[in-house]
Amino acid sequence: MTGPLQIVLGTISVLFLIVSVVLAYRAVRAMVRIIRTGQPDSTRNGPVGPRLKTLVVESLGHTRMLKWSAIGAAHWFVFVGFYGLFLTLVEAFGEVWDPAFHLPLIGEWGLWNLFADLIGTGTILGILYLIYRRQKDHPRRQGRTSRFAGSNEGRGYFVEAVVLTVGVCILLIRALKVSSDLTEAPTWSHPVASLLATVLPDSPDLLSVVAFVKIVVSLTWLVVISRILNMGVAWHRFSAFFNIYFKRNDDGTVALGPLQPMTSNGKPIDFEDPGEDDVFGRGKIEDFTWKGMLDFTTCTECGRCQSQCPAWNTGKPLSPKMVIMDLRDHLYAKAPYLLGEKTASETAPDYDVLKPSDEQVWSSGYARIEGTNDAQAHRPLVGTLEEGGVIDPDVLWSCTNCGACVEQCPVDIEHIDHIDDMRRYQVLIESNFPSEAGVMLRNLENRGNPWGVSPSTREDWIKEMDFEVRMADGPLPYDVEYLFWVGCAGAIDDRAKKVTKAVAELLHTAGVEFAVLGSGETCSGDPARRMGNEFVFQMMAQENVETLNGVFEGRVPGTRKIVTTCPHCFNSLGKEYPQVGGEYEVVHHTQLLSQLVEEGRLTPVTPVDRKVTYHDPCFLGRHNKVYTPPREILDSVQGLSTQEMHRCKDRGFCCGAGGARMWMEEKIGKRINVERTEEALGLDPDVISTACPFCITMLSDALTSKKQNGEAAEHVEVLDVSQILLRSMAPVGTPGTEHGAEVGTADDDVAGTGSAATGHGPQA
């Protein structure tokens, strides 16, 4: 059935294939060369088995994408159609020469035809839904709240048009084979094509034309992306597999929890004797590792990270998506200089003539300099518009390290690691950071706590207890099961001290033997590390490890137990201290209290007639996946009515204190703690509960402001779950257990009768 039409179309198709394959090969080679200019990172290589398992599960199972249900399902069909129906493109090269062509061996196989029919239909329906969602959520309708704000819409439209066209061609070719009587496959194997065939003519030539269109559109897509290496919305179809395989954690978990040690040339930096050529943080694009560059390349511009970011959602310039896009665009623009194909001039150009681009309505660091040129080669990685910076300082310092971006990213980009690595360079090399944070750092170095108070004040809360609290003096006796790490906030901040005393009383009631370090305890170093001062963190961590190893001297693994009320300490002691030789079994107080309730060692007996909503602390929830224990404690208390906020668990909204933001002034946009408190108040609760001293401070401050403005009832409280549990163990009728407008306002509203664990009156 080969005629002049088929010969012409077939010849063009083959020539186009040769050109596109050559261009694609050159593009992939260039991309690999660019990514290999990054610093080495040997931690990504193995073990192979678990990494392959993660790759298969995340890719085929679409586990990350399906968190967004309908969108994830639609994308799954597009994904399976792209790879699973690749053979239909191979078949099209035969059909353009001979309309009756079938793939050898499988061409008429019923199951293959059914697969192609259903997945082809699913691809069309899936891409139509994704097109609909892009338009429904478009910035022209939603403005800054659109997750596509700042994305390159033209590239997205191009990819969507290609997918839709190819999907339609697949079904048309199959239907034309039926209408032209060119297939012997059983009818059950092409239900959709058979239905479509009823309205199509008997035309083998039309079949060849449609096959030609499919080939041209597919190869045009390949040529276009070969010419645009930073087109992540297209390239992620290939790079995402590698990015998932090489993700930070070989167990398949996302890059949250511990912050990675500072490395240079693939090795951890020895801060006591650093090498002369060691690179501290990321000061230039070439300072990132090859995995970082792969991250930048893989970004799909989908905006899931942006839609969940507390900074972006409160009017700040930080968009995790646009940070990655800016780094990606700068990387590929500077690539000729990195590869030695071009040489930069000795002097940097004058950047103060730059004008904000239209895109900077969305982000203050986006697309300041276009193209590959000397200006691009000399740009500082972090800098203002006048300095030509790739990332604006306001963008960098707006991050709370909450982890929402990393949790939501479907291709496992490690946003926090990159942001904090840039912070490290700014702090350690440039000494360029918010001035308020400098006060916190000096307090850490001089007094061992962010507040700068005397270490002796760490023991003040103990004097208020009506039972003896054991102090660790040398190795702990073996009858002491836990070391209670109180933390700076828990020992110094008045609101957090109430939680410390409540937890201590509950442990005492349950018969848990514990001891504290008192004035021998210093800050875990989390605020210093998260703002970028790795040197101070290392110093404090090593000092604490020495203290803790002395306390646990002679104890075997499994008996070196620590309980803490602060999720930041929980994360540092348990996940980051192993990096400096500290191996301990660290639990959060909600985990231990939940266990004690389950074992019957703590029995809530008094109903607490209050309506409660629980706020997930980021470093307890997303970073360490502790979602259930706090809720189990609340569920164990009779009388409580609990209701979840819209943004909860892995989509929880930050209080604004993480990433050392607790110690920096919030000058841009709406305050994050106010946004979160308003969301909680929307449920009309009596209590906003949480499990983190920083969250208590931030939510209490916002609630106090709301009360002063008449926007919140006076009886509403912010309480730790341990305080609610302690109330439920008080005698019936104890103030704070009943419902009413006056609950929580009386001076004698204590956790329990005669309890030193503290009053639960208005939060100061």
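## Salt bridges, sheets and surface patches

A salt bridge here is a side-chain nitrogen of Lys or Arg within 4 Å of a carboxyl oxygen of Asp or Glu. Elsewhere, salt bridges with shared partners link R282, D420, D421, R424, D526, R529, R530, E534 and E576 into one network.

Before going on, keep in mind that this is a predicted model, in which local features need pLDDT of at least 70 and side-chain atom pairs count only at pLDDT 80 or more, while totals for chains, interfaces and linings use all residues. Residues are numbered from 1 along each chain as its sequence is written, and side-chain values use heavy atoms, leaving out hydrogens and water.

Back to the charges: the salt-bridge count comes to 53. One of them joins the side chains of E286 and K334, at 3.1 Å from N to O. E286 lies in the loop between strand 2 (267–268) and helix 11 (290–298), and K334 in helix 13, so this pair ties together parts that are 48 residues apart in sequence. Helices (H or I, at least four residues) and strands (E, at least two) are DSSP runs, numbered from the N terminus. E286 is partly exposed at 23% relative accessible area, whereas K334 is buried at 6%.

Another salt bridge pairs D479 with R470, at 3.0 Å from N to O. D479 is partly exposed, with 46% relative accessibility, and R470 is partly exposed too, with 26%.

Two strands count as paired if DSSP finds at least two bridges between them. Within this sheet, strand 4 (residues 482–485) and strand 5 (residues 514–516) run parallel over three bridges, and Y482 stands opposite F514 in strand 5.

A four-stranded open sheet has the order 9-8-10-11, again with parallel pairing. Strand 9 (641–642) and strand 11 (717–720) are at its edges with a single partner strand each, so one side of each has no neighbour in the sheet. Strand 8 (residues 611–614) pairs with strand 9 in the parallel sense over two bridges, and V612 has T642 in strand 9 as its bridge partner.

Now for the surface. I7, V14, L15, I18, V22 and W97 make up a nonpolar patch with about 510 Å² of accessible area together. Patch members need over 30% relative accessible area and no salt bridge; like charges are joined within 9 Å and nonpolar side chains (Val, Leu, Ile, Met, Phe, Trp, Tyr) within 5 Å. The areas come from the Shrake-Rupley method with a 1.4 Å probe, and for residues only the protein chains shown count as cover. W97 sits in the loop between helix 4 (86–95) and helix 5 (110–136) and is partly exposed at 31%.

D350, D352, E386 and E387 form a surface patch of negative charge. Asp and Glu count as negative and Lys and Arg as positive, with His and the chain ends not counted; a charge is placed at NZ of Lys, CZ of Arg, CG of Asp or CD of Glu. D352 is in the loop between helix 13 (320–338) and helix 14 (374–378), and is partly exposed at 47% relative accessibility.

Definitions and conventions
Buried means under 20% relative accessible area, exposed over 50%, partly exposed in between (1.4 Å probe, protein chains only).
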